[in-house]
Amino acid sequence: MEPPMYGKYRHGGDDEMMLSDGDESFGPPPPPPEHAHPDDLHFENNEVNVPSVDGDGDKFNDEYSEDYHNQSAYADVESSGTHDPPEEKPLEEDEADVNDLMAEYDEDVDFEEDQSVEIPPTSVVQRMVMQENEDKTGENRNKGIMACLCCCLIIGLILIIVGFTTDMFKDSETKSVATANDGEGGTTTTPPTDSAPAASPAASPTVPDTRTADVSAFLRGVSMEPSAFDEVDSSATLAANWLSLEDSLELDPTSADDQFRMTQRFALLAGFWFASFDDWNSQSGWAFNEDECTWDGIVCSEVNVDGVSVQAVTEIYLFDNNLQGLSEEIGLLPYVKILNIRGNVIESPMPQSIVNMNLLEELYIYDNLMTGEWPSDLSALSSLRKLDASNNQFSGPVNRFFDLTAVDLLVLDKNQFTGNLNGVGNCVNLVRLTISENSLTGGVNAELSNLVNLEFLWLYSNGLTGSIPDEIGTMPALQVFDVFNNDLSGGLPTTFVDSPSLQVLTLADNNFGGQIPDAYGQLKVGALNIENCGLTGAINPELAKATALVSLRLAENNFDSAEFPDFILGMTNLVELRLNDCNIQGSIPTNIDDLSLLQILYLHNNFFGDVLPPRLGNLADLRMLNLSNQFLTGAVPQRWSRLTKLVSIDLSDNPSLEGGLPDISGMQALEELKLARTNLGEDITGTTYFIDVPSLKYIDLTKTAITGRLPNNWGLLQSLEELRLADNGLTGQIPRSLRAVETLRVLILTGNALRGTIPDGFFDFLTELRILQLNRNELSGALPEDISNSFRLQFLSIAENRDVNGDFGFVGPLPDSLGDLVNLREFECQGNQIGGELPEDMGQFLVNLEILDISNNQLSGNIPGSFASMTSLTEFFLDGNNFETAWPENICNISTLSIIKPDCDIACPASCCNREAC
């Protein structure tokens with residue numbers, strides 16, 4: 001998209017361009033869109049209504065500020081009149097040719113009238129007369145030129161005198177009016193005249209120089225970054241040029257009445273607009289409307305500045321607007337209380353001038369690409385209550401944020417902050433603190449207990465060490481405590497037993513060790529997550545006394561081998577139960593439906609045997625079920641078809657399960673069907689089994705002994721993202737209908753007996769495809785050119801489609817379009833009948849390729865020198881072909897290349913080729 005243009009200036013180009021008066025882009029702006037108040041932090045919507053304790057940083061719905069009401073008033077902007085310059089009359093040259101001279105000669109001597117002269121003059125006489133006339137004519141012409149020059153000089157002098165006198169008169173008149181107005185307490189205005197509108201400053205050869213200099217000098221004086229004016233393309237310079245040459249207000253930088261307004265407009269233009277106005281999603285009014293308070297996303301309020309009421313910018317809402325930059329000049333907006341620029345692509349550092357915005361109350365800059373460190377002293381932001389800078393690339397010590405003594409919401413997760421929690425006790429107003437997914441060190445500081453208003457504390461995924469201080473359990477308002485994925489130790493803390501408000505306790509993925517304390521039976525929390533904490537011993541039955549628990553996660557610990565704990569069946573309030581990887585053996589309880597409220601049940605990676613309990617089908621609210629990697633036997637009970645709310649079922653890696661595919665026709669919410677490495681297969685020729693559940697996104701029937709031809713109705717699964725059917729007994733052709741599944745990301749048909757060619761136009765709509773594996777079949781034909789439509793492909797395998805008799809297999813040369821797969825990391829086509837030469841520029845574009853296997857084909861010709869550009873290559877196999885020329889030695893310079901199996905018929909340096917393989 002071309003950058004927007006206005007006046008003479010176009011950001012991002014060297015040429016100046018003047019828009020015509022009829023340019024439609026400068027018509028009246030449309031009304032601004034509704035600015036709904038930002039839902040800046042919230043938990044992701046989850047159908048499972050249990051507290052989140054998995055350390056994923058879900059955010060509660062918080063309403064940060066008062067509703068924002070749009071101002072829809074826009075100032076009408078009239079096009080100023082323009083004047084064509086007066087037409088200059090060109091000077092006429094006195095052209096004297098021979099005919100003119102002869103005419104003059106004829107006037108001096110009339111031969112016909114003078115009868116006394118009967119003989120015409122001789123040629124000598126004629127030449128003498130003509131020379132005389134030429135001298136006279138030249139003399140007359142010189143006199144005429146001199147006269148014209150004198151007239152021009154006189155007229156020019158008169159114009160200069162008149163212009164000077166007029167300017168003096170105007171200055172005198174202006175000063176008189178200003179004096180009169182000052183005496184009356186009014187504002188300075190220029191009286192209207194009956195003359196035509198004056199030309200814009202940009203059209204005058206002398207006025208812009210003076211005005212531009214004055215504007216530039218003033219703005220340089222107030223700028224947060226004066227050196228930026230030394231760069232012709234800086235946002236500050238572009239903004240100053242617009243204000244001096246394009247701004248219809250023509251504010252006077254020498255007037256105290258105009259200086260505030262000019263500074264404010266400059267701050268908006270240099271701080272935001274010229275820093276990255278290209279491709280803003282919404283930009284109504286910017287650098288166009290006279291009133292900056294009507295620019296999209298800008299809200300003004302009346303404030304008092306040095307005893308004068310002015311309209312100052314107090315709120316800025318430019319979120320989700322594709323902003324790409326931010327400059328220091330935002331510090332010239334000291335009255336801003338709310339700044340919301342979240343959800344953009346800003347890559348610049350945090351402006352250090354942010355500390356000048358000392359009235360700032362709410363700052364939302366999350367979900368950008370911002371880098372660098374924040375100012376070392378943030379104490380000037382004494383009014384800041386809410387700060388969310390999450391999901392950026394900020395760095396530096398986190399402690400400097402603890403100078404924000406008024407802040408009640410501080411969200412810094414998903415950055416690169418370092419340091420410890422020393423000083424956090426200064427933020428006594430904190431209600432929510434999130435510093436997850438950073439690089440914090442040290443311990444969980446005891447001064448956190450000073451934060452008597454703190455309700456939510458997320459510190460997960462850092463490098464915190466030591467034990468948890470007892471003082472943390474005394475925090476009166478604390479509802480969520482999450483230190484998931486740190487390096488804490490010292491046994492499970494019992495301090496939380498007496499926490500009066502705690503609802504969610506997440507201690508997972510640490511090194512606490514020891515056993516579950518008996519005191520945990522006194523917990524009043526609703527969700528307890530102590531997964532992967534190095535726990536041993538038995539699963540403590542005292543947990544049954546924690547009757548408030550709705551979510552219990554004990555997975556991935558080294559508990560003593562035992563059968564399913566019967567006491568858990570009495571915890572009838574449970575909505576979520578995770579006991580996977582807990583050394584449990586025996587049978588799944590037949591009365592598992594006693595936990596009638598269960599929505600999530602994870603029992604995988606244990607040692608359960610016996611049949612699947614039919615009564616599990618009575619869990620009407622069940623959404624997530626994982627029983628994979630066990631020793632379960634028999635068929636899937638028919639009663640399970642009642643699980644109408646089921647979203648995901650995983651029975652994979654139970655090789656003794658049999659009896660055909662489970663009935664899923666009633667599971668209309670089902671998205672994931674995982675039955676891999678079971679014996680549940682059947683003939684699926686012509687089946688409607690899958691399309692009966694159009695919500696399916698993930699199907700994994702790898703090695704389930706399914707047979708028959710693939711049905712031709714896959715195109716109806718418009719939500720399907722992954723289809724894994726490897727290592728079965730499928731026959732027939734690849735159904736062409738799969739091309740209609742535009743959401744497909746993974747297609748794995750490896751290890752079947754599929755025949756025929758890849759259907760015509762197969763890749764036309766598969767633009768989301770990342771993984772395609774067609775290896776170990778009996779496919780034939782050429783790899784189609786339209787594979788370039790699947791430009792997101794990362795793994796492509798068509799290997800080993802030729803059988804032992806030399807039949808089948810892909811043929812023909814590799815398509816040139818293969819080079820369009822610039823994201824490709826692994827390409828395998830070995831064991832086919834591919835011939836011809838390799839595409840010459842193949843290596844130039846496949847720079848992300850890590851593994852390339854083209855061995856055992858019929859390739860010939862040269863090995864392209866462009867292969868040396870594959871700087872990510874680690875493994876390269878090309879043996880078993882008919883290449884003719886020597887190996888390009890520059891391929892050996894690829895530093896990552898560790899395995900090369902060359903074609904043994906061509907020369908290859910021993911330094912990088914595995915000659916022993918020959």
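## Close-up views of a predicted model

**View 1. Arg265 and Glu292 form a salt bridge, with their closest N and O atoms 2.7 Å apart.** A salt bridge here is a side-chain nitrogen of Lys or Arg within 4 Å of a carboxyl oxygen of Asp or Glu. The pair links distant parts of the chain, 27 residues apart. Arg265 sits in helix H5 (residues 256-276), and Glu292 in the loop between H5 and S3. Helices (H or I, at least four residues) and strands (E, at least two) are DSSP runs, numbered from the N terminus. Arg265 is buried, with a relative accessible area of 0%. Glu292 is buried too, at 0% relative accessibility. Buried means under 20% relative accessible area, exposed over 50%, and partly exposed in between (1.4 Å probe, protein chains only). Both residues belong to a network of salt bridges that links Asp247, Arg261, Arg265, Asp291 and Glu292.

This is a predicted model, in which local features need pLDDT of at least 70 and side-chain atom pairs count only at pLDDT 80 or more, while totals for chains, interfaces and linings use all residues. Residues are numbered from 1 along each chain as its sequence is written, and side-chain values use heavy atoms, with hydrogens and water left out.

**View 2. Lys645 forms a salt bridge with Asp621.** Their closest N and O atoms are 2.9 Å apart. Lys645 lies in the loop between strand S26 (633-634) and strand S27 (648-650). Asp621 lies in the loop between strand S24 (607-609) and strand S25 (624-626). The two residues are 24 residues apart. Lys645 is partly exposed at 34% relative accessibility, and Asp621 is partly exposed at 24%.

**View 3. Arg677 forms a salt bridge with Asp653.** The closest N and O atoms are 2.7 Å apart. Arg677 lies in the loop between strand S29 (672-674) and strand S30 (698-700), and Asp653 in the loop between S27 and strand S28 (656-657), so the pair ties together parts 24 residues apart in sequence. Arg677 counts as partly exposed at 37% relative accessibility. Asp653 also counts as partly exposed, at 27%. The whole structure holds 27 salt bridges.

**View 4. Glu328 is buried yet has no salt bridge.** Glu328 lies in the loop between strand S4 (308-317) and strand S5 (338-340). The nearest side chain of opposite charge, Arg400, is 12 Å away. For charge, Lys and Arg count as positive and Asp and Glu as negative; His and the chain ends are not counted. A polar atom of the Glu328 side chain lies 2.9 Å from the backbone nitrogen of Gln352. Leaving aside neighbours within four places in sequence, Glu328 is in contact (heavy atoms within 4.5 Å) with Met224, Glu225, Pro351, Gln352 and Ser353.

**View 5. Leu595 is a buried loop residue, at 0% relative accessibility.** The loop runs between strand S22 (584-587) and strand S23 (600-602). Beyond its neighbours within four places in sequence, Leu595 is in contact with Ile568, Leu569, Met571, Thr572, Leu577 and Leu619. The C-alpha atoms of Leu595 and Ile568 are separated by 8.7 Å, and the two residues are 27 residues apart along the chain.

**View 6. Strand S3 (residues 298-305) and S4 pair in the antiparallel sense over eight bridges.** Two strands pair if DSSP finds at least two bridges between them. Cys300 has Val313 in S4 as its bridge partner. S3 and S4 form a hairpin with two residues between them. In the turn, Asp306 has a positive phi of about 55 degrees.

**View 7. Six strands form an open sheet with parallel pairing, in the order S35-S37-S39-S41-S43-S45.** Strand S35 (755-756) and strand S45 (882-883) stand at the edges, each with a single partner strand, so one side of each is left without a neighbour in the sheet. Strand S37 (residues 778-781) pairs with strand S39 (residues 809-812) over two bridges. Ser780 has Gly809 in S39 as its bridge partner. S39 also pairs with strand S41 (residues 833-837), over two bridges. Three bridges join S41 to strand S43 (residues 858-861), where Gly835 stands opposite Gln858.

Definitions and conventions:
Polar contact = N/O pair within 3.5 Å; in protein donor to acceptor, adjacent residues only side chain to side chain.
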